[in-house]
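Morning, everyone. Today I want to talk about charged side chains and how they pair up. Have a look at this one.

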Amino acid sequence: MLTNTLLLSNQLPTLKYSSTTEQFDDTWEAPLATLLGLGRAAGADFIEFFLERRNYISCLAEDDAITSISPSLATGAGVRVFRGKADCYVSTNNLSFSGLKAALEKGLSILGLQLPAPTAFIPEINLELLRDYATKRGKDGWLPLCSSIREMGEILLDGTAQLQKKASHVQSRRATYFRDWQEVLVAASDGTFARDIRLTQSVGFNLLCADGANRASIGERAGNTSDANFLRTWDYQQASEQIAESAGKVLYADYVESGTYPIIMANHFGGVIFHEACGHLLETTQIERNTTPFADKKGEKIAHESLTAWDEGRSENAFGTIDMDDEGMPAQRTLLIEKGVLKNFIADRTGSVRTGHPRTGSGRRQNYTFAAASRMRNTYIDAGEYSVDDLFASVDKGIYCKKMGGGSVGATGQFNFSVDEAYLIENGKITKPLKGAILIGEAKEIMNKISMCSQDLELAPGFCGSVSGSIYTTVGQPHIKVDSITVGGR
């Protein structure tokens, strides 16, 4: 245990700690405070430890059989060391005092720092009282309450059976589920000492139908944080009906004609375009790389005055909701755009140091092998003042993009996205289904063409890949009208 007097560097090898291995609790305060003090004595400006335990499992049903069950357990830690605006990151799966000390020494050496002399004093880092979001909010008991492997399989097979009943011309049916339980502890030389448990789950269908040369592929996914009963309450009956109906309409749809159209984009997962084409450009990692057209636009108009957008970690049960980020900062709401004016960027600690923008509780990472970076949480266009009928009534001829597919985005916002389910709009009415539509544009242009937002905001789960790995995020929007956009087709 730590003594009441200052430690000397040569005393470190003799120290004995009794940190529990069952969970991250306040028994970790003494060893981490000592290591943080060692890093400061070596000349580092700031040091942060991130400890993680993870219990993951996924299950796949194809047609009428469970074809894959994949469990994964992981434990490890990462240490980040700052010297001025330079930093480095070292990870390890050795959580002993000596293992963490070795990782710290490696990080210090990368930045040209050396351990202090044997007779040097090690300053005491006074950590805050443990901010334990897990215990405070009853999360410690979540894992045993989740669905068993048997229950996972039974529910997924029931779901694929419903797809067979409700759809026609079925070629393949898939249902997938995963459960990701994560415990984290963050300790830093500014006194941060915080713990949390996250429980993230997702389940979805993929349906392929074919009749001769006609093909239709439709997917749908639901996601949740914080509800151990999520899979048990999943309404696979309703989900299968919706997917079967969509596949039936798309199967015999006409191909869209290429051109420039006004479009109505559906709520829910329609928000993926804002996430990809604009959200990433508001992360401070993009400012650091000089790959965003919005770097010097704070306080200026970058979108139509009808558009207000948020990034936040507080929506109940949403896929990107977190009580604290992976740097120990509590969750908050960040106003990105207000009536078209850029208000804030999405910033982690490193981004704040290098760009000057304030931290927003957005330091996130896939796991302990990645350093945290500025990443989105729940990111969406806010509800507007119009009804959905108002949006359709404003379009003489255009396209309704009901379900978005995959796409790609260039470094500075050029994008193209496929539309899995689309319909022709004529004289304010939906007339016939279309397929093969691809939306093509550039973020700084399309943002000024979103002229109407309806009142029916909905959120949808998503997965986001970037410099700190793949993380869980939420996309969302109400129905929106884009005055004109290039649509690729035939």
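Start with Asp-323. Is Asp-323 buried or exposed? Buried, at a relative accessible area of 17%. The cut-off for that label is under 20%, so Asp-323 qualifies as buried. Keep in mind that this is a predicted model.

Now, its partner. The side chain of Asp-323 meets that of Arg-137 in a salt bridge, 2.5 Å from N to O. What does the pair tie together? Parts that are 186 residues apart in sequence, because Arg-137 lies in the loop between helix H3 and helix H4, and Asp-323 in the loop between strand E12 and strand E13. Arg-137 itself is partly exposed, with 48% relative accessible area.

Glu-245 and Lys-249 form a salt bridge at 3.3 Å, N to O. Both sit in helix H6, residues 236–251. They are four residues apart, about one turn of the helix. Glu-245 is partly exposed at 46%. Lys-249 is partly exposed too, at 35%.

Glu-338 has a relative accessible area of 35%, and Lys-343 has 34%. Both count as partly exposed.

Back to Arg-137 and Asp-323. Which residues join them in one network? Lys-139, Asp-196, Arg-198 and Asp-326, through salt bridges that share partners.

And the total? Searching the whole structure gives 33 salt bridges. That's my list. Over to you.

Terms used: Residues numbered from 1 in each chain as written. Predicted model: local features only at pLDDT ≥ 70, side-chain atom pairs only at ≥ 80, totals over all residues. Heavy atoms only, no water. Salt bridge = Lys/Arg side-chain N within 4 Å of Asp/Glu carboxyl O. Helix = DSSP H or I, 4+ residues; strand = E, 2+ residues; numbered from the N terminus. Buried < 20%, exposed > 50% of the residue type's maximum accessible area, 1.4 Å probe, protein only.
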